[in-house]
Amino acid sequence: MPSQAILKSKAKAIIEILNQRFPEPQCALNHNNPWELLVATILSAQCTDKRVNMITPELFKKYPSPEAFAKADLKELEEAIHSAGFYHNKAKNIIGCATELLKLYNGILPQTLDELTKLPGVGRKTGSVLLGTAFHKAEGIVVDTHVSRLSQKIGLTENSEPEKIEKDLMKIVEKKHWINFSHWLILHGRETCIARRPQCENCVIKQLCASSPK
């Protein structure tokens, strides 16, 4: 593995290029407020953002607030989110999250990872998504499947566990870029570095990628 200084330089160069390609990266999950983003992020586990965005408009009409979700019938909520997969656990977590949010924080989402991860269904990744997108606070780097895959492929980490990948990235990416770094890799992964058919010939960072045929 290259030295940390080399990796920092590499990460900086990647950021400069991807920032030009995607100057205003946004979270792909549609939402109108932080609570909706949290629900959408819970639903997005092992599910595409596109599918989640198909579910949430009607879902948020039926359950417009944490109070409404806390009072939801489990079976009815499972039916509403069925197509997102793992619907039993997701429904249970969403109801539990709403209930605990009302109990612990009077229905107002906290703005630290320690507090957020006390809520059912909210792990470090989900908490980081919420903090970064809704509150513009960088307490970590979101490592989803795209970020995990690209970080390894590019050569920014030798780890495969999300927690370890995040720690590696936090050492080499400037904190001011932590939020957007995930968005940039996700967008690049969807557009060019596609898992089953990477478009290496069209890749804007191929000269910096450890896996790219030079």
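This is a predicted model: local features need pLDDT of at least 70, side-chain atom pairs count only at pLDDT 80 or more; totals for chains, interfaces and linings use all residues.
Residues are numbered from 1 along each chain as its sequence is written, and side-chain values use heavy atoms, with hydrogens and water left out. Local features require pLDDT of at least 70 and side-chain atom pairs pLDDT 80 or more, while totals for chains, interfaces and linings use all residues.

Helices are DSSP runs of H or I with at least four residues, numbered from the N terminus. Two packed helices are described by the angle between their axes and the distance between the axes. Each axis is a line fitted to C-alpha atoms over the stretch in contact, and angles run from 0 to 180 degrees between N-to-C directions.

Helix α2 spans residues 34-43, and helix α6 spans residues 87-105. Their axes lie 10 Å apart, at an angle of about 150°. The two helices are therefore roughly antiparallel; that term applies to angles over 145 degrees. The crossing of α2 over α6 is right-handed, meaning that the near helix is turned clockwise from the far one by less than a right angle. On the α2 side, the contact (heavy atoms within 4.5 Å) is made by Trp35, Leu38, Val39, Ile42 and Leu43. On the α6 side, Lys90, Ile94, Cys97, Ala98 and Leu101 take part. Nine of these residues are nonpolar, none is polar and one is charged. Here Ala, Val, Leu, Ile, Met, Phe, Trp, Tyr, Cys and Pro count as nonpolar, Asp, Glu, Lys and Arg as charged, and the others, Gly among them, as polar.

Helix α2 also packs with helix α8 (residues 124-135). These axes come within 10 Å and cross at roughly 145°. This crossing, too, is right-handed. From α2, the residues Pro34, Leu37, Leu38, Thr41 and Ile42 meet Thr126, Val129, Leu130, Thr133, Ala134 and Phe135 of α8. This contact divides into eight nonpolar, three polar and no charged residues.

Aromatic rings were examined next. Rings of Phe, Tyr and Trp (its six-membered ring) pair if their centres lie within 6.5 Å, and planes over 60 degrees apart count as edge-to-face. The count by this rule is three aromatic pairs. Trp35 and Phe69 form an edge-to-face pair, 5.8 Å centre to centre, with 65° between the planes. Trp35 lies in helix α2 and Phe69 in helix α4 (residues 66-70), so the pair links distant parts of the chain, 34 residues apart. Phe60 and Phe69 are also edge-to-face, at 6.4 Å centre to centre and 75° between the planes. Ring pairs join Trp35, Phe60, Tyr63 and Phe69 into a cluster. Relative accessibility is 7% for Trp35, which counts as buried (under 20% relative accessible area, 1.4 Å probe, protein chains only). Phe69 is buried at 0%, and Phe60 is buried at 10%.

Ala11 lies in helix α1 (residues 4-21). Its relative accessible area is 0%, so Ala11 is buried. Ala11 touches Ile172 and Val173, not counting residues up to four places away in sequence. The C-alpha atoms of Ala11 and Val173 are 6.2 Å apart, although 162 residues separate them along the chain.

Two loop residues have a positive phi. Asn106 has a phi of about 55° although it is not a glycine. Asn106 is in the loop between α6 and α7 (113-116). Its relative accessibility is 65%, so Asn106 counts as exposed (over 50%). His136, also not a glycine, has a positive phi of about 55°. His136 sits in the loop between α8 and α9 (145-154) and is exposed at 65% relative accessibility.

Terms used: Angles under 35 degrees count as roughly parallel, over 145 as roughly antiparallel, 65 to 115 as roughly perpendicular and the rest as oblique. Rings of Phe, Tyr and Trp (its six-membered ring) pair if their centres lie within 6.5 Å; planes under 30 degrees apart count as stacked, over 60 as edge-to-face and the rest as tilted.
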